[in-house]
Amino acid sequence: MSQPGLIDLASVSAGYGRTTVLHDVTLSIDASAFTGIVGPSGAGKTTLLRVLLGLIKPSSGTRTTASGLRVAYVPQLETVDWKFPVTVFECVLMARTEHRFWPWPSAQERTAVAAVLERLGIADLADRHIRELSGGQQQRMFLARALLREPQVLLLDEPTSGVDINTRHDVLHLLGDLHADGMGIVLTTHDLNGMATHLPHLVCVNGHIIAEGSPRDVIVPRVLEETFGARLEVLEHLGMPIVVDTSHPMREPI
Amino acid sequence: METLIEPLGFAFFQKGLIVATLSGALLGFVGVYIVLRGMSYIGHGLSHAIFGGYAAMQLFAAQLYVLGAGLWGIASAIAITTVARRGRVGADAAIGVITTASFALGVALFSKFGTSGPAFDNALFGSILGITNSQIIWLVVVMAFAGLVVLLRYRELLFTTFDPDVAQASGIKVARVEALLMIVLALSILVTLNVIGVTLVAAMLVIPAVIARMLTDSFGRMLAISTIVGLVCGLVGMYLSYYAGVPSGTMIVLVGAVAFLVVFGITGIRGRERAAGVDEHSGPRATISA
């Protein structure tokens, strides 16, 4: 066994009720992690994330965390109740869960929220209602809320679904910067070319872990077929693998 | 002016006015959390469940009524949340069975042992007759408790209402916060049951909160507005009930409904957008995704 990480799963199985979604998963996340969890819909990506977060208890196996671990979680945009009456400022401030007698923010908290909004380029939106934001701005707001916790590990569920290409680019860049600053990053994605191949480390999941390693090691036809159950070809462009779905060739317009 | 002062000459009206006004404020305050969590169905069920305990205590051990019915209410509240949290198929049905059975028990007890007629109607639709000083004191105590819970747990309550998963991941004990809220809800229903009535309590949990939602996009302001709207409904409804000679709860709810229509008309499309789906995710809130 290597050095214990910040979050360690040992032979974990987990699911909902009597349905087991994940089988025998062993995975270690440390501060140097920059890991993409890859797999098709229903493969257990979100379940794995929720097990890492401690939101689901393993039905067997163990989850151990470093003492005093600080994690932050960015949920999928689609799962959020966007009609909820909060402003961007109020939403970001939620991250400050430390006990404080008064409900309203302290001067120090105001400064901290302003700084993190500034960093993500949405400082001017602080007083807007969350519904008024674009998909990219909503994603930045949740990143701001996560960063305000100053986490050791940041977990994100499909951070680039429902955002445009520029936002995807920005999110990747920002995560890269955070990783360089020493923050562990784990995210789920079903976007192989736009996201997964840009990450240093991938975990391919479909009910169990099929392969783990650098994109060069796991973005290969054998692993992809086992993960996605479809024949996918891998090309190389400028040293980056590109996945091509050859099982459903594009049809000529009729 | 005369019309406002005249009924105050009666002690029963004074007490009724105090209780109705404070009840409206309390339900408006608590209702914000209930509505935003999509729990108005649970509020409705809980008031019916509490009625069973309320009836039993009123008839057999009136001096212990707050204690007994309070425990009954808290037990029902926690049972309901547990069932709802588990998110199994049939949770709605289970809540329906438990709460209506408890309500039926209350009705049976009242019909068998209670004073027939008026007392029963009063319990269902609210009455200001026979309000005791201790009831007023209990109402104030529960208000203070609810206020204190919200003051001390403001952020936890807000976070778990908006986004329970992320709250849990951020180290908040979501189940504990929810249990606390359910205790506040059960006690609030219990102390307002007399004047608002079993069948109408849920309406007063919902109407002020929805009105407030149409008027603001800020959670803090919604809490304040909803409390004030509830308070005004209680006050105005009480006077109208006196002059119209109808049960207090019905008039308070009707005033709320009229206020809703007025605000709905004034705020137009914007208000409708804000309030649409405000009570959307009612019932079990299982977040199952693979």
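A salt bridge is here a side-chain nitrogen of Lys or Arg within 4 Å of a carboxyl oxygen of Asp or Glu. The legends below describe a predicted model.

**View 1. The two domains of chain A.** Chain A is divided into domain 1, which takes in residues 1–70 together with 151–254, and domain 2, which covers residues 79–149. The C-alpha centres of domain 1 and domain 2 of chain A are 27 Å apart. Where these domains of chain A meet, 16 residues of domain 1 are in contact with 11 residues of domain 2.

**View 2. The area buried between domain 1 and domain 2 of chain A.** About 1100 Å² is buried between the two domains of chain A, and 60% of this area lies on carbon and sulfur atoms. On the domain 1 side, the residues that lose the most area to domain 2 are A:Arg70, A:Pro151 and A:Leu174, which together account for 42% of what that side buries.

View 3. Two salt bridges are found by the rule across the interface of domain 1 and domain 2 of chain A. A salt bridge also joins the side chains of A:Arg119 and A:Asp181, with an N to O distance of 3.9 Å; this pair counts because the cut-off is 4 Å. Across the interface of domain 1 and domain 2 of chain A, the rule also finds three residue pairs in polar contact, both residues being at pLDDT 80 or more.

**View 4. The side of domain 1 of chain A that touches domain 2.** Strand β6 (153–157) and helix α5 (165–180) of chain A each supply at least two residues of this side, and α5(A) gives the most, with six residues. By class, the residues of this side of domain 1 of chain A comprise 10 nonpolar, two polar and four charged.

**View 5. The contact between chain A and chain B.** Chain A brings 42 residues to this contact and chain B brings 32 residues. The area buried between chain A and chain B is about 3100 Å², with carbon and sulfur atoms giving 60% of it.

**View 6. Pairs and elements at the interface of chain A and chain B.** The rule finds four salt bridges across this interface. A:Arg145 forms a salt bridge with B:Asp163, in which the closest N and O atoms are 3.1 Å apart. Nine residue pairs in polar contact, with both residues at pLDDT 80 or more, are also found across the interface of chain A and chain B. On the side of chain A that touches chain B, at least two residues each come from α1 (45–53), β5 (71–74), α2 (88–93) and α4 (135–148), and α1(A) gives the most, with five residues. This side of chain A has 22 nonpolar, eight polar and 12 charged residues.

Technical notes
Residues numbered from 1 in each chain as written. Chains lettered and ligands numbered in written order. Predicted model: local features only at pLDDT ≥ 70, side-chain atom pairs only at ≥ 80, totals over all residues. Heavy atoms only, no water. Domains from an automatic or database assignment. Contact = heavy atoms within 4.5 Å. Buried area = accessible area lost by both parts, 1.4 Å probe. Polar contact = N/O pair within 3.5 Å; in protein donor to acceptor, adjacent residues only side chain to side chain. Helix = DSSP H or I, 4+ residues; strand = E, 2+ residues; numbered from the N terminus. Nonpolar A, V, L, I, M, F, W, Y, C, P; charged D, E, K, R; others polar.
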